[in-house]
Amino acid sequence: MTADARERVRVEVLVRPDCHLCTEALVVIEEVCRDLRVAWRTVDIDTEVSEEIRSRHTDEVPVTFVDGVQHDYWRVDPERLRTALSR
């Protein structure tokens, strides 16, 4: 479930178009967030973030944040994500 305006987004993922690691990570994130009924969204690192964030994370895409704190980059471990969202 991606977020709509009424939901509190707990998971944000910095992604880039045509990124195979992003595609793989989003499969995991979508499944975990659906199971836990957690709102999530993607953010295009090339167009939707500040230059500071882009320069800090450009080589780590996809970058996953949980409750505003960096959680992972490149790959997403489903159990680790579940644990973080259960706090």
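A salt bridge is a side-chain nitrogen of Lys or Arg within 4 Å of a carboxyl oxygen of Asp or Glu. This is a predicted model, in which local features need pLDDT of at least 70 and side-chain atom pairs count only at pLDDT 80 or more, while totals for chains, interfaces and linings use all residues. Residues are numbered from 1 along each chain as its sequence is written, and side-chain values use heavy atoms, with hydrogens and water left out.

Select Glu 51 and Arg 54 to begin, a salt bridge whose closest N and O atoms are 3.2 Å apart. Both residues belong to helix H2, 3 residues apart, which is about one turn of the helix; helices (H or I, at least four residues) and strands (E, at least two) are DSSP runs, numbered from the N terminus.

Next, select Arg 16 and Asp 46, whose side chains meet in a salt bridge of 2.9 Å, N to O. Arg 16 sits in the loop between strand S1 (9-15) and helix H1 (20-36), Asp 46 in the loop between strand S2 (39-44) and helix H2 (51-57), and the pair links distant parts of the chain, 30 residues apart.

Then select Asp 35 and Arg 82, another salt bridge, with the closest N and O atoms 3.0 Å apart. Asp 35 lies in helix H1 and Arg 82 in helix H3 (residues 78-85), so this pair ties together parts that are 47 residues apart in sequence.

A search of the whole structure finds 10 salt bridges.
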